[in-house]
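Hi,

Here is the structure I said I would pass on. Have a look at it before you read on, and my notes follow below.

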Amino acid sequence: MDLQIWVEGLYIGSVYALIALSMTVVYQPTRIMNFAQGEGFVLGAAIGYQTIGVWHWPVWQAGAALILLAMAMGYVMERMVMLPVQLSGNRFAWIIATLAAALIFQSLFNLPYANVTFGYFEFFKTRANIFGAHIAMQKILVFTFMVFAAVFYDQLLKRTLWGRSIRAVAHNNDTSIILGIPTKLVIKVAFISGTVLIACAGFLAAPVIIVAPASGLFFTIQGFTAAIIGGVGSPKGAVAGGLMIGILDSVVRSSLGGTWGVFSTVMALALILVVRPNGFFGKRVVGR
Amino acid sequence: MISSYKTLNRVLVAGTAIAIALLYLFPLFARTTNNPSYYLQIVSVALCSAILTISLNICMGYGGLMSLMHTGLQMMGGYAVAILTLNHHWNGWLALVMAIVVGAVFAVLVILLSLRATYLYFGMITLAVNLIAMEAIRQGGSFTGGYNGLIGVMAPGITTTMMTPQAFYVFLLTILIGVYVIQRNLVFSGFGRNTMALRESPETATALGISPNVHRVKIFAVSGALAGLAGGLLSMQLGYAMSEIGDLGSGLIFFVGLFLGGISTLAGPIIGVAVVATIAFLIRGTAQYNTLVLGGLLLLCMVVLPRGVVGMYRYSRFGSPHVREFDQAEIDSFQLDISVKDVVKNQILLESHDLAKHFGGIHAVDGVSIVFRSGEVHGIIGPNGSGKSTLISCLTGYYPLTAGSVEILGNPAPKKPFLISRLGVTRVFQIPHLFERESVLDNVLTGMYRRDRYSIFDAIFRTPRYRKANARSTEEARALLALAGLLNQQDLTAGSISHGQKRLLEVVRAVATQPKILILDEPATGLRQDELDVLKGLISRLAKEGMSVVLIEHNVDFLMNLADIVTVIESGKVIAEGTPMEVQKNEKVLDAYLGRTDFSKELA
Amino acid sequence: MIRRKIIITALTISAMIASTVSATAVDRPGLVPHSVWKSGQAVIKVGLIAPMTGVFATLGVNQRNSLQVLADSINAAGGIGGAKIQIVVRDGGLDPVASTNAAKEFAGDSSIAFVMGPSISSFYAGAAAYYEANKKLNCQAGVAALDFTDYKYGFRSQDFFKDDYAQELSILQRKGVKKFGMIYEAGSTGIAADAFFKDSAPDYGLTYLGWQVITSTQTTHDAELQKLINLGAQAVDISNNAYGAYTTQAAADLNFKGILFGGSGSQNIAFQETGGDHFVGTLMAAPNYQFPIRDKSTWMPGYKAHIDAVVKQYGVTTGPKSGSTSPNGTAIEADCLYAFAVASNKARSFDSTKVRDQMASLDIPAINTPSGVRIHPGTNHNFYSADGISVYQWFKDANGWYTVQVNGLAVLNAKCTIVGWLMHRSNGAPLICTKVGTNLYYKAQSA
């Protein structure tokens, strides 16, 4: 089999891993799998398209705009999701709240951009040659960003006070309030940083992956699958799950054909969950 | 208050009756509009959606199972009808029955494969299955019509080949009412109570002898059957079966309807779908802004009505349950036989030999041999972290043993907690594990699960067998509540009664399982004196009736007055055993606890 | 300027020959249909069902834009029979139930005279029964896979995929291609195209290497293209939908030197954006897509008038990388409404059966229609026939992307029946319908 196939799989996998990772960031303190998370990816791509592609801003300036807008989106999303969830008290309320948020953001992207796919020039136009496989530098950039983000978040969770707070909030909301952990702030920060992370991913990947205004839900489902395969809530799991479905999809498609690609990822998901009901790195999840 | 409650209730009943009558007459109203077939169509489709949403409510609302494959089940029901009637020329009625079967069988297959996956992971499996099912249908060639689907499905006929749309509408409405009744009967039956118990607290439910897997499979099968039915009916209404029907995106209406109406409420799905269908009708002209308006309204509704229409009503002053006051004579009139059967005095009911449980290097339980006899109150004391609760978890099957053995009634204990419970060992947890959203009476009835000798079909169709069993159980449950002084609270939700009442209720619920051994983990914590007296009376009475009552307690006063025999545990080992008097004088106990103010104070 | 000139010319000429040629006012080139009858209605409603939201929103939005532009200009000219056109839009999304409900609404609403959509083949197949039962005249610009001879009241304003491919295969043959393959998403069009290639490739001396099936869940087509390259493919058919952009991206990734070909989907600037230099030389078969042809004077007059109005009102979409642009409106969708207006004028009625009969017998020359293609439905209810298909090839220079028509005369089908009608050669040279002796011929304009 061509090395190219594996390299491509690794790259696509790193995109899925980034999405899964940002879902993990939100999941850790809230126990919510955010169906609107992929909209952040679209936001990043849309900002890149508008600022770099159409207005020809320099990358740093576009990046600044990206961070600000992503923070705003994360804040708005937190309100859209957490307010109904906290009021409802039903353990499934998050499904409907996050789907509604996804629907709203998707419509907003579609209004001005219905005809657009958010592509623009790559930051580095060179291609690397790795043992005969050609790969755009931009893709290596995405992969590197993924590795850094995963390691950073993993260490943050393990080594810092803030990381312990996040885990405390996840474990028991009431206790953490008693312990003086600012639960609400932790959740807000999780939404904002998760959105910034995924928006950066969209911003970096858009030149080398096709992002349309309505692709948010597609990327969400891929990230969702990756996170679940790896084990929800685990940064390691997000990376492992993302890379696994990326490579699996790429390899199976090239050896067996297109429809088998879909089947293989979905079947892998079902099989893994049947054999390992909590994913590779996951702990048992109990409903809220 | 009572009269206003009754008035409101009458208004609601009358309102429902009028609404049903109006719905039946709807085809006549539609005829007066400028577009009769359209209005008939959207209401008919909404009726199908309501059936599917009820199915989703049974699964998610009552069963607590997150399903993202209900649109897929709907699609399969539709294809069952389309394939059988179009390709194999089956009678439409038989095809509808097969749609139900296909839905149920498919649901059972999925849940059997994924029994070990819980909550989110189960939800993800259902999402994956949904994608696989849609893809399989698309690759089905001429069998399923591939991407184009199967077109030309017809409503079945009674005397003619095909019903008129008006007749089919009336049929759909009747089916919906039938499905509503099925849902209600299911929810109010023992089966429904157990399912909700599992949803609220799988741990407690298993302690009461409920098998989680059997219930999950059954509830998912019922839900799948109804989803298949909804899909079969929808294909007849639309005239086709298409793979896109299975798309989760198109199924948003069901989730939205469920939450807007009120999840885990009976009428919620119907009211919710009515609201969503009306919204969709009103905003149909917004074109590009359609999903934006829908999403916005949805979030708004969730903020304004976070528990849904019916849920908010239930939580409001008007919707809270009517409290029935019993007078003393009524309370006294309850007769109850709680004597333990098939047991002789001082019979060894449970014994352990050198039982050990290690967590890594920590020896939580380290070689405990203990014997529980009938008619005996057996106290277990020991400082915090001495291994009391771990011991109980080992005896009741919640932890696998590191070493040693447990025998129940002379036989080796089974491995699963609910099987141990079924042998007559019932456990009450240290932290209250009530089914807080259920009524006090329903909590007790859940404990009577094993006495209900009726099937899920008896419950759904309310057969005489069900009615008889249900009347008997309710009567017994009331008698038990009377024993604990909780009869006046029977209709309140368990979450709303006082802490002491909750502890008593837990004991009552445990007694309702008719245990031979009742294990109570710190039942006296936080009880007022009058409540303590009731508890004490109850425990003495149970022991007198032949039960073995095991008490883990910190309240030494309470224990010493009550226990026939006390076992003292320290660092996972038994350091003393005997009557309360013997233990209190035991040098080893006093030595071991010298300087431990917490314990010596308690002993003194 | 040019438009005005054409109008003036046409007006003068048609006035001159009005007595000899049975031309009604509607047949004037570049003009909106003009009514000389009174319907007695103030408003005439037409319905559009299309995905206005979600993944395929671009489909519905561009259809709506195109219709609105034409409706505005017809209304400005007095409407149809004095009735102003009002477009009623329903969002069908990708939801068959929503689409069916909307179809039933329009089918049963007597105030809706004409319906377009639902714009997805299988959804239309499900909805068509309602239209037929209610004798609701309808026209479809997004239903490629069905046979419209089955429908009494349904018409199609779309090129038939077999016509597209037949033209393109003959061009590939001329270019010396021996082997080609297809990368297309799983679906009814893919299945039909695969069957067609299997059957027909030998007729053109070509070897068909088979179908690499793609799905909506993948983000790259590198693996698929690599397999075809390994098999020796010199040409690859790409998807007509947005997924085709992944194949053009794969062509760039893998440095594919062969020819990409496909249908009108290549209008999507995403194809040029992702394909970059590797998109040069791509063949595109379409009813008529002159937008990238720089010399606007060669555009079909009706097409030009329509597209200019679309661009004026709704703008263009620009690709930041390629600088390529496309108008935010689908011309073939406007043909539906155009044909409806002309047929209603001829029937002097909005009665669906009468209008249907007139519509079936229409023969509107290419220079008049908003799409720039002759509308000639006939008994099979297809607006466009095989000779209405143009094949373009994409090129790029310092000023950006442009196309060149490569399949002979653009409008072979547009018979020269009225003096003053315009058309052009494949190289863009304009021709004008001129009377020579007793016959009418197209001649170079300069002549």
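**Confidence first**

Within chain A, the lowest confidence falls in helix 7 (residues 173–178) of chain A, with a mean of 64, and the highest in helix 2 of chain A, at 95. Those values are pLDDT, the predictor's confidence in each residue, from 0 to 100. Helices (H or I, at least four residues) and strands (E, at least two) are DSSP runs, numbered from the N terminus.

This is a predicted model, where local features need pLDDT of at least 70, side-chain atom pairs count only at pLDDT 80 or more, and totals for chains, interfaces and linings use all residues. Residues are numbered from 1 along each chain as its sequence is written, while chains are lettered from A and ligands numbered from 1 in the order in which they are written.

The model scores are ipTM 0.89 and pTM 0.87. Chain A has a mean pLDDT of 87, with 94% of its residues at 70 or more. For chain C the mean pLDDT is 84, and 84% of its residues reach 70 or more. In chain C, the pLDDT is below 50 over residues 1–29, a stretch with 40 contacts in the model beyond near neighbours in sequence. Residues 409–414 of chain C also have pLDDT below 50, and that stretch has 20 contacts beyond near neighbours in sequence. A contact here means that the C-beta atoms of two residues, placed from the backbone, lie within 7 Å.

**Chain A**

Chain A has 11 helices and 2 strands, and from the N terminus on its elements run α-α-α-α-β-β-α-α-α-α-α-α-α. Its C-alpha trace spans about 60 × 50 × 35 Å along the principal axes. A compact globule of 288 residues would have a radius of gyration near 19 Å, and chain A agrees, with 19 Å. (The radius of gyration is taken over C-alpha atoms, and the globule rule is 2.2 Å times the number of residues to the power 0.38.)

Of the 288 residues in chain A, 60% are buried. Buried means that 20 or more other C-beta atoms lie within 10 Å of the residue's own, exposed means 12 or fewer, and partly exposed is in between, with C-beta atoms placed from the backbone. Take the chain A contacts between residues at least 6 apart in sequence: 75% of them join residues at least 24 apart.

Now for a pair of helices. Helix 2 (residues 37–54) of chain A packs against helix 3 of chain A at an angle of about 145 degrees, and their axes are 10 Å apart. Axes are lines fitted to C-alpha atoms, for helices over the stretch in contact, and angles run from 0 to 180 degrees between N-to-C directions. The residues that meet include G40(A), L43(A) and G44(A) from helix 2 of chain A, and V59(A), A62(A) and A65(A) from helix 3 of chain A. By class, this contact has 10 nonpolar, 4 polar and no charged residues. Ala, Val, Leu, Ile, Met, Phe, Trp, Tyr, Cys and Pro count as nonpolar, Asp, Glu, Lys and Arg as charged, and the others, Gly among them, as polar.

Is C200(A) buried or exposed? C200(A) is buried, because 22 other C-beta atoms lie within 10 Å. Leaving out residues up to four places away in sequence, C200(A) touches G44(A), L66(A) and F145(A).

Chain B has 26 helices and 12 strands. Its C-alpha trace spans about 95 × 60 × 45 Å along the principal axes, and 53% of its 604 residues are buried.

Where chains A and B touch, the contact takes 37 residues from chain A and 36 residues from chain B. On the chain A side, helix 4 of chain A gives the most, with 12 residues. That side has 28 nonpolar, 8 polar and 1 charged residues.
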